[in-house]
Amino acid sequence: MTKLRENESVPVLGAFLGITALVSALVLSPVFMLTRAPIEKMQRETMQKSLKMLNLPLFDNAPDREAKEYISPGNFKVVIMPVRKAGALKAFAVRSVSPDGYAGDVEITAGFDLAGKILAVLVTRQQETPGLGSNVCERKFRKTIFNLFQPRPVGLPPNHILDQFHGKTVPEKESWKVKRDGGSFDFVTGATITSRAVTAAVEQAGKTLRLHMEDFMKGEKK
Amino acid sequence: MKKAFKDMLKGIWKENPVLVLLLGTCPTLATTSSAANGLAMGLATTCVLAGSNLVISCIAGIVPKKIRIPVYIVVIATFVSAVDMLMKAYSPPAIYSALGIFIPLIVVNCIVLGRAEAFASKNNPVRSVFDGIGMGLGFSLALTMLGALREFISTGSVFEVKIITCWTTDFLLASAAPGAFVILGVILAAKNHFARRAAIKAGKLYVPPAGLDCHSCQICKLNEKE
């Protein structure tokens, strides 16, 4: 054993490192197998939780399983998920990723009805500055020492920036802008970039849905 | 067994990795924007430390000296990957997305490699595990403390529960990285101040811990002047 400890020949050292890496891989593979299913389940649950918050009408399909991917007119990645009840199309959940956040991608998920009206907007993935950009994105009931043990209020927690899209329809031609850029949407001072990214993502989601809604209408009774 | 227990306790306070040894400052400053994040990061590191210390103290006798560091890193990386996958599967999504890239970065956390090299490779497995747990708990304690302080100073809440309900505007300095440096500095200064006062009161000479000791640092050559 001491021989191995003092060994300095390159092939032996190389072999030792190789064996270490092999053992490590052998240990990790069962962990990977074990956690694969729970990780997928966790991701699905997160997905379903966000779908539930979108103010969608009641549905009984799995929208994420019927999802189709598109590239929007503004080159955003957009995923359209049809929401059905007993096979009939009821609404859409649309996920759109804006690459122009302050710290990387901002992913929004929005609910649209069949006329293209926005039901609710939710930011589902972001890494914006905590306390500044994240305030544009978060929908959260604030816990305080006074309401700690009271039941949580039901429904969608309010967020001024995200709520202003509700009930609106994305126009076909002109683009949505925040007030600083001459548009009509409020933004948070100090988090203009995040506000812009969210606005653009919602707009691209709506525009892509306009272009491709027909794909889901096929076989639908009008 | 008593010795092992002592090894554990020293990591929590007397040789606290953050407050005394000043190791692993990167995750300390980066992940402690809230108390819950700090606690989760601390516990993840504790698991890695205990596991890697155990394995490394078992294999230390047969690892060739020349390649011991890469071998230790592979062992540590194995544990970190396992913890990463387990956290992705079972921890609340909010915590995992907040800690994000910092979980894989435990691999290069100085505390983990430092304990492997300085303790686990020289001591028996039982003592090494207890040392790892102690160091990990000390790390968690410091991170939770720093996280809670930063969260309180920036938003008036602790563990996402608002203590001061009329606090509506966030004080962003405390939750951003520069604030972390300032608050960690204040904590270190306070800890040293009280340790020194206690030593003087007991009539002893105050010897700062090795990491913070003026004499062990060669930058201003204090040793030669005396």
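Q: Where does B:Glu160 lie?
A: B:Glu160 sits in the loop between strand 1 (157-158) and strand 2 (161-162) of chain B. Helices (H or I, at least four residues) and strands (E, at least two) are DSSP runs, numbered from the N terminus. This is a predicted model, in which local features need pLDDT of at least 70, side-chain atom pairs count only at pLDDT 80 or more, and totals for chains, interfaces and linings use all residues. Residues are numbered from 1 along each chain as its sequence is written, chains are lettered from A and ligands numbered from 1 in the order in which they are written, and side-chain values use heavy atoms, with hydrogens and water left out.

Q: Why does B:Glu160 count as partly exposed?
A: Buried means under 20% relative accessible area, exposed over 50%, and partly exposed in between (1.4 Å probe, protein chains only). B:Glu160 has 42% relative accessibility, so it counts as partly exposed.

Q: What is the phi of B:Glu160?
A: B:Glu160 has a positive phi of about 65°, although it is not a glycine. Most residues other than glycine have a negative phi.

Q: Which residue of chain A has a positive phi although it is not a glycine?
A: A:Ala86 does, at about 50°. A:Ala86 is in the loop between strand 2 (77-85) and strand 3 (88-101) of chain A.

Q: Why is A:Ala86 called exposed?
A: Its relative accessible area is 66%, so A:Ala86 is exposed.

Q: Why is A:Val170 called buried?
A: A:Val170 has 2% relative accessibility, so it counts as buried. A:Val170 lies in the loop between helix 4 (160-163) and helix 5 (192-217) of chain A. Its C-alpha atom is separated by 26 Å from that of A:Ala103, 67 residues apart along the chain.

Q: What makes A:Gln126 buried, exposed or partly exposed?
A: The relative accessible area of A:Gln126 is 24%, so it is partly exposed. The residue lies in the loop between strand 5 (118-125) and helix 3 (133-137) of chain A. A:Gln126 and A:Ser98 are 28 residues apart in sequence and 9.9 Å apart in space, C-alpha to C-alpha.

Q: How do you know whether chain A is spread out or compact?
A: Start with its elements. Chain A has five helices and six strands, in the order α-α-β-β-β-β-β-α-β-α-α from the N terminus on. Its radius of gyration is 24 Å, well over the 17 Å that the globule rule gives for 222 residues, so chain A is more spread out than a compact globule. The radius is taken over C-alpha atoms, and the rule is 2.2 Å times the number of residues to the power 0.38. The C-alpha trace of chain A spans about 80 × 45 × 45 Å along its principal axes. Buried residues make up 40% of the 222.

Q: What does the globule rule say of chain B?
A: Chain B has ten helices and two strands. Its radius of gyration is 19 Å, close to the 17 Å that the rule gives for 226 residues, so chain B is as compact as a globular protein of that length. Along the principal axes, its C-alpha atoms fill a box of roughly 60 × 55 × 35 Å. Of its 226 residues, 45% count as buried.

Q: Why is B:Lys14 called exposed?
A: B:Lys14 has a relative accessible area of 69%, so it is exposed. B:Lys14 is placed in the loop between helix 1 (2-12) and helix 2 (25-31) of chain B. B:Lys14 and B:Gly138 are 124 residues apart in sequence and 9.3 Å apart in space, C-alpha to C-alpha.
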